[in-house]
Amino acid sequence: MSTASNVGPPSWRPKAVVFDLLTALLDSWTLWDASTPSATSSEGRLWRGRYLDLTFGAGAYVPYEELVRRAASDVGLPDSAPAALLRDWEKLEPWPEVSEVLQQLKMQGRKLGVVTNCSKHLGHVAAERAGQGIFHAVVTAEESGFYKPVRQAYQAVLTELGVEAQDVLFVAGSAGDVEGATKAGMKVVWHNRVGLDKKGDAVPLRQASTLDDALRDFL
């Protein structure tokens, strides 16, 4: 189901489109589920929810793998769960419509970027899974020194792209990104694939359960 704010179709066109990676572009939820002992969404979603709380509350960078392990421990999962997730990281798959959407934006001449709450190595591996060689900038929390939604995390990718916040459309994958990217000065759409609950007061231009629908006014 799609929802939108009451601003109407935008006349504004972005110079760049920046994406959340592990939720907006990649189906990381399936890999998290598969890494649990029961390989079910009930355990995976609980673990992933705790991980999101930890990363979005971390501020300055601490090792990503440490937060993944801590989140598993906090929800009662054994060490085998984060070990499996990190071992199988290269199995991450993009959502079905991602390739076509990225190619459309590229053909429009948009600069494309990613800012992700991840380690440098895992973040760049994941970015290649989303779109090999298509991004003009990929900035991880390890590289910027900050986890989203800290403003510096978003600013780092803007600096890499050479654009100002007001010229960028941010594609959020989680509620924390909707709030964080809005506060950083960007316009935001929310690809809310798995039906996450809203947090904060920020309202995206559009919210949808598929990436192409979330970006329908810009494709």
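Let's start at Trp29, where Arg45 sits over the face of the ring, 5.7 Å from the ring centre. Arg48 also lies over the face of Trp29, at 4.5 Å from the centre of the ring. Please keep in mind that this is a predicted model.

Staying with rings, how many aromatic pairs does a search of the whole structure find? The search gives seven. Take Trp32 and Trp47: their pairing is tilted, with 4.5 Å from centre to centre and 55° between the planes. Trp32 belongs to helix H1, residues 28-34, and Trp47 to helix H2, so this pair links distant parts of the chain, 15 residues apart. Are these two buried or exposed? Trp32 has 1% relative accessibility and counts as buried, and Trp47, at 0%, counts as buried too.

Next come Tyr64 and Trp89, an edge-to-face pair with centres 6.0 Å apart and 75° between the planes. Tyr64 is in helix H3 while Trp89 is in the loop between H4 and H5, so the contact ties together parts that are 25 residues apart in sequence. Both Tyr64 and Trp89 are buried. If you follow the ring pairs along, you get a cluster made of Trp32, Trp47, Tyr51, Tyr64 and Trp89.

Now, on to charges. Side chains of opposite charge can pair when their charged atoms come close. Searching the whole structure turns up 13 salt bridges, and I'll walk you through some of them.

One is between Asp74 and Arg50, at 2.9 Å from N to O. Asp74 is in helix H3, residues 64-74, and Arg50 in helix H2, residues 41-56, so the bridge ties together parts 24 residues apart in sequence. Both partners are partly exposed: Asp74 has a relative accessible area of 42%, and Arg50 has 30%.

Glu97 and Arg193 make another salt bridge, with their closest N and O atoms 2.5 Å apart. Here the pair links distant parts of the chain, 96 residues apart: Glu97 is in the loop between helix H4 and helix H5, and Arg193 in the loop between strand S6 and strand S7. Glu97 counts as buried at 11% relative accessibility, whereas Arg193, at 23%, counts as partly exposed.

Then there is Asp88 with Lys91, a salt bridge at 3.8 Å from N to O. Which of the two is buried, and which is exposed? Asp88 is buried, with a relative accessible area of 14%, and Lys91 is exposed, with 56%.

I'll finish with a network: salt bridges link Asp20, Lys148 and Asp177. Thanks, everyone!

How values were computed
Residues numbered from 1 in each chain as written. Predicted model: local features only at pLDDT ≥ 70, side-chain atom pairs only at ≥ 80, totals over all residues. Heavy atoms only, no water. Salt bridge = Lys/Arg side-chain N within 4 Å of Asp/Glu carboxyl O. Helix = DSSP H or I, 4+ residues; strand = E, 2+ residues; numbered from the N terminus. Buried < 20%, exposed > 50% of the residue type's maximum accessible area, 1.4 Å probe, protein only. Phe/Tyr/Trp six-rings, centres within 6.5 Å; stacked < 30°, edge-to-face > 60°. Lys NZ or Arg CZ within 6 Å of the ring centre and 35° of its normal.
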